Amino acid sequence: MFWNLSEPRPNGPLAASLFLELTAVKLSYTTLQQEVEDHPDYPSLLSISDVFSKYKVDNITANFAPADLEKIPPPYITQIKGLENDTEYFTVVRKFNNDMVSAFDPERRKWKNYRFQDFADRTSGVVLLAEPGHDAGEPDYKEKRREERFNSFSFYALLSVLATIFATVILRAFWLAGLSILPAATFSLLSVIGILVGILLIWYEIDRYNPVIRQICKGGRRVNCNAVLQSDAAYIGGVSWSTIGLAYFTGQLIFMLTQGITSPEIQAITSIVSLLTLPYVFYSLYFQSRIVKQWCLLCLIIQAVLILQASIAAYQTGKLTVHFSPEALVLYILFSVTSLLAILQLLPVLKRAKRNNFVKTQLKRLKYDPVVFNAVLRKQRNIHEDAEGLGIVLGNPNAANKILKVCNPYCGPCAHAHTTIEKLLENNPDIQLQIIFTATSDDKDRRKWPVRHLLAIAADNNESMTKQALGDWYLAPEKDYDSFASRYPMEDKLARQDNKIEAMQNWCTKMEIAHTPTIFINNHELPDIYDIHDLKNFLSV
C-alpha cells in the first residue's frame, strides 16, 4: 500500500503493463509509465498504442460490437465503465471460459471473473489488439529492472528494519515484565496504527488523486473524505488536524520506545495525555455527523484508535500510583513538538515535489506535442545556403523528414548524437540524414584525416559500409585514426576528397556554424529547448 502511495500506477500505464506481462514483453514499468504519461494524447488509447509501436509491439485499434468481444483472441486492452461512476477505465481481458470473462477490475485493481453479458454491457467496444515482434521490448531492460528492484528492496528493507526495532522492544518488554505489559504493548501497537493512518491522511493532502487513497476513501453514499478533510474545521491555526495527529502518535511512540514501555512513569504520562484527547474525538464525530454530514473513513479509524487508547489509559490509571517527574513530561512534550516541526518542514517539500512532478509531466506533454514542436521549429533559423551534394547522405532520398547534422569527428556530444540518429534511421524509413563535417583541408587540422576517410568510404555508395564506418569511428572509446584507417584501406580515393572538405568548410562559414553538433530538421535548426534525443518523440514510427 505505501509503495503504491509513493509510486502510484495510473490506470492507463497499469493496463499496458499487465498486457505486456501477459505477452512476455520486457519493458520496465518505470519506462512504460513515463512514456505513456509524456504522450501528448495521454490518457487516451493512442498514448498506449504509440508506446507499444515504439517498442516493436505491433498493434491496431478497432471498434467491435460488445457482443462480439468473445470472438477476439485475448489478451487485449479495452475500456470498461466504472460501477460507481461513469468513468471509463482501461482493462485487460486475459481469457474467456464458457460464459465467463477473466479481466482486470480497474476499480478494485485486481483480476476478476465477470459474466460475459455483464462485462459486455459495460464495455465501449474499443479494443487494442497487439502482437509483439521478435525484438519487442526495452534494450536496457535488465538495467532498468535492476534499478526498480533495488528501489523496491530499499523501501521494504526500511519497513522491515522499523518493524524489527518495534518488535524487539515489545518482546524485550514481555521478557522483563511478562503479560502485565500487555496493556502497554497494545497501547504502543495502536500508536503504530495511528502513525500509518496518519501517513495516509497526510498523503491525502499531498495527492488526493492517488489511486490507493481514492480506493480507501471511497465507500457508501455518506463517505466523502474530501468533504471532511478540505473543510475549514480540518485546520486549526493553519495546521491540519492530520498533521497534528501524525505528530501526536509519532512523538508518543518514540517516547515510549526510547524511555521504556515497562516504566510506570512512562505509562502514567501517556495514559493521562491519551485521556485528554477524548474531547477532540467527540468534536470530530459531531462535526462529521452533524455539520458536514459526511464521513471520512480514515478519520474514523483515528477516532477508534484514540478511543481504544483512552480505554487502556483508563484501565491503567487506576492501577498506576507512581507520580511522574517533570523531566519525563518535558521529554514527552519535546518528542511531540519535534515530530510536529519535522512534519511541518517535510510537508511543503513533499507537496512541491508532487507539484513539480505534475508540472514536469504537463510540460513534457506540451513539449512533445507535434503541433507545438513544428510551430517552434518554423521560427528557428533556416538553411539559407544550398547543402546539396555536401557530406554524407544516408537513408531515404525521397523522405519527408530530412535531418542535417553538422559535426566534428572528435566531438563527444556528436558521438552521442550519432547513436540516437542511427536508431531513428533504423526505426523510420521516411528519414534522410545528411552529415556535414567541420574540418579544413589543412594538413595540420587533425579533423581532416578521419573526415576525408569517411567521405572516401561513402563515395562507394555502400550505405551499410558507411554506417558501419561511422559507428566504428564515433563509438570507439578512443579516436585513433591510424587504427581506423587500417580497417578501411582507401589510399587511392583519399586525395579526391579535399575539394569536398573545402566545400563543407565554406558552407559552415556561410551558415555561421558556432558549435557542434548543430542539427537542422527539415531546413530549420533544432530549437534550444529540444535536444537530439527528443527527436524520437516525433520521428519514430
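**Figure 1. Surroundings of Lys448 in the predicted model.** In this predicted model, Lys448, leaving aside its neighbours within four places in sequence, is in contact with Ala439, Thr440, Ser441, Asp442, Asp443, Asp498 and Ile501. Lys448 belongs to helix H17, which covers residues 448-458. With a relative accessibility of 3%, Lys448 falls under the limit of 20% and therefore counts as buried. From Ser284, Lys448 is separated by 164 residues in sequence and, C-alpha to C-alpha, by 80 Å in space.

**Figure 2. The crossing of helices H10 and H14.** Helix H10, formed by residues 241-259, and helix H14, formed by residues 326-367, have axes that come within 8 Å of each other and cross at roughly 135 degrees. Two packed helices are described by the angle between their axes and the distance between the axes. An angle from 65 to 115 degrees would count as roughly perpendicular and one over 145 degrees as roughly antiparallel, and H10 and H14 are therefore oblique to each other. The crossing of H10 and H14 has a right-handed sense.

**Figure 3. Residues in the contact of H10 with H14.** On the side of H10, the contact is made by Thr243, Ile244, Leu246, Ala247, Tyr248, Thr250, Gly251, Gln252, Ile254, Phe255, Thr258 and Gln259. On the side of H14, the residues that take part are Ala328, Leu331, Tyr332, Phe335, Ser336, Ser339, Leu340, Ile343, Leu344 and Leu347.

Figure 4. In one of the two views, Pro74 and Pro75 are joined by a cis peptide bond whose omega is about 5 degrees, and Pro75 has its place in the loop between strand E1 (57-63) and strand E2 (76-81). In the other, a cis peptide bond with an omega of about -5 degrees joins Thr516 and Pro517, and Pro517 is found in the loop that lies between helix H21 (498-510) and strand E12 (518-521).

Figure 5. Ala24, a residue other than glycine, has a positive phi, near 60 degrees, and it lies in the loop between helix H2 (11-22) and helix H3 (29-38). The relative accessible area of Ala24 is 63%, which is over the limit of 50%, so Ala24 is exposed. Asn522, although it is not a glycine, likewise has a positive phi, here of about 50 degrees, and its position is in the loop between E12 and strand E13 (524-525). With a relative accessible area of 29%, Asn522 lies between the limits of 20% and 50% and is therefore partly exposed.

**Figure 6. The whole protein, as context for the close-up views.** The protein contains 22 helices and 13 strands, and its C-alpha trace spans about 105 × 65 × 45 Å along the principal axes. The radius of gyration of the protein is 32 Å, whereas a compact globule of 541 residues would have one near 24 Å. Of the 541 residues in the protein, 44% are buried. Among the contacts in the protein between residues at least 6 apart in sequence, 73% join residues that are at least 24 apart.

Notes
Residues numbered from 1 in each chain as written. Predicted model: local features only at pLDDT ≥ 70, side-chain atom pairs only at ≥ 80, totals over all residues. Heavy atoms only, no water. Axes fitted to C-alpha atoms, helices over the stretch in contact; angles between N-to-C directions. Helix = DSSP H or I, 4+ residues; strand = E, 2+ residues; numbered from the N terminus. Parallel < 35°, antiparallel > 145°, perpendicular 65-115°, else oblique. Left-handed = near helix turned anticlockwise from the far one by under 90°. Contact = heavy atoms within 4.5 Å. Rg over C-alpha atoms; globule rule 2.2 N^0.38 Å. Buried < 20%, exposed > 50% of the residue type's maximum accessible area, 1.4 Å probe, protein only.
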